[in-house]
Amino acid sequence: MFVHGPSPALRAILAVSLALVLIIADHRYHHLGLVRSLLSVIVYPLQYAANQPAKLAREAQGRLASEADLRLAGETLRRENLLLKARLQRLEALEAENMRLRDLLGSSFDVGERVLIAEILSVDLAPYRQQVMVNKGTSSGVFIGQPVLDANAVMGQVIQANPFSSVVLLITDADHALPVEVNRNGLRTIAAGTGPSHELELLYIPKNADIRVGDLLITSGMDERFPPGYPVARVKTVRQDPDNPFTTVIAEPNARLDRSREVLLVWTLSPELQQQALTGDIRNTVSGRQ
């Protein structure tokens, strides 16, 4: 004889009833709090272990993302640093250029003549030629024979004027000679270029002449091209040679012939002479060794 247990329907009803009783007892009387706490302690290790793979995956993803972000940020900072350094160099160059222009403008006020600032475009690299090209020409009123200065002293004069550029013969060129005088006592002489040595030689100085190392040489105005009073050079060497009837005097130009980037073109001729210079009628009167 077989004894059958509760039918499935009865077991379901009993389970639902028990669940309802437990819910009511927990909600109304809080009798299952201790049981829930014990169960949570028992289940926690299982929950922790089940959570670890997802947590490790999130941490690994976050770490990789952080490294990529840091690498990108580092690269961005390096580029910005390079850009800022380049801009800083440009700012330093602009500051130096502004100082040069202020010096030039200060010189133009000292000169008291009509002036034009020009930029040096190129330098003649031939060893025995001392010439530069500037970015102003006849379209700006530049004429042959026009004096050229930098912020410190006389640099030379224009020997070729094109519509938009001009060639300047520097005072140190072997074909250039300039009437000067000693500022201390008015002694007049000729300062001739010596070529690649970047020096000036004073011609025909008598042995009894009063000239000393350190004397300032200025334009005398005797050539009617450079007005008097422009600084030119300072005496560097005074030497007496028994075989030479004249005193050997070497001077060093005050102008920064190998460093200036901007120059002053000075108008000193009368309008009639300027017009003759523009048309080439006085091309052969440029101061120089003939």
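**View 1. Valine 148 sits across from a glycine.** Glycine 156, in β4, is the bridge partner of valine 148. Strand β3 (residues 147-149) and strand β4 (residues 154-161) pair up antiparallel, with 3 bridges between them; two strands count as paired if DSSP finds at least two bridges. Strands here are DSSP E runs of at least two residues, helices are H or I runs of at least four, and both are numbered from the N terminus. Bear in mind that this is a predicted model, where local features need pLDDT of at least 70 and side-chain atom pairs count only at pLDDT 80 or more, while totals for chains, interfaces and linings use all residues. Numbering starts from 1 along each chain as its sequence is written, and side-chain values use heavy atoms, with hydrogens and water left out.

**View 2. One barrel holds both of those strands.** Follow the strands around in the order β1-β2-β5-β4-β3-β12 and the 6 of them close into a barrel with antiparallel pairing. Going from neighbour to neighbour in this sheet, the strands are turned by 45 degrees on average, ignoring direction. The axes behind such angles are lines fitted to C-alpha atoms (for helices, over the stretch in contact), and angles run from 0 to 180 degrees between N-to-C directions.

**View 3. Leucine 170 is tucked into the protein.** Look for leucine 170 in strand β5 (residues 166-170). Leucine 170 counts as buried because its relative accessibility is 4%; buried means under 20% relative accessible area, exposed over 50%, and partly exposed in between, with a 1.4 Å probe and protein chains only. Setting aside residues up to four places away in sequence, leucine 170 touches Gln130, Gln131, Val132, Met155, Gly156, His176 and Leu257, where a contact means heavy atoms within 4.5 Å. Glutamine 157 is 13 residues away along the chain from leucine 170, yet their C-alpha atoms are separated by 6.8 Å.

View 4. Strand β6 (residues 177-182) runs antiparallel to β9, joined by 3 bridges, and glutamate 181 stands opposite isoleucine 218 of β9. β9 also pairs with β10, antiparallel, over 3 bridges. There, proline 231 is the bridge partner of isoleucine 218.

View 5. A polar atom of its side chain lies 3.4 Å from the backbone nitrogen of methionine 222. Beyond four places in sequence, serine 220 touches Pro179, Val180, Glu181, Arg188 and Pro228.

**View 6. Aspartate 215 reaches an arginine.** Aspartate 215 belongs to the loop between β8 and β9, and counts as buried because its relative accessibility is 6%. Its side chain makes a polar contact of 2.9 Å with the side chain of arginine 184. Such a contact is a pair of N or O atoms within 3.5 Å; within protein, one must be able to donate a hydrogen and the other to accept it, and residues adjacent in sequence count only if both atoms are side-chain atoms. Among the residues that aspartate 215 touches are Val182, Ala233 and Val235.

View 7. Most residues other than glycine have a negative phi. Tyrosine 204, which is not a glycine, has a positive phi of about 60 degrees. Tyrosine 204 lies in strand β8 (residues 200-206) and counts as exposed because its relative accessibility is 60%.

**View 8. The largest nonpolar core has 38 residues, and Leu202, Leu217 and Val232 have the most contacts inside it.** A nonpolar core is a set of buried Ala, Val, Leu, Ile, Met, Phe, Trp, Tyr and Cys residues joined through side-chain atoms within 4.5 Å. Strand β12 (residues 262-267) gives the most to this core, with 5 residues. Leucine 202 touches, among others, Val180, Ile211, Leu217, Val235 and Val249.

**View 9. Zooming out to the protein chain.** The chain has 3 helices and 12 strands, and 31% of its 290 residues count as buried.
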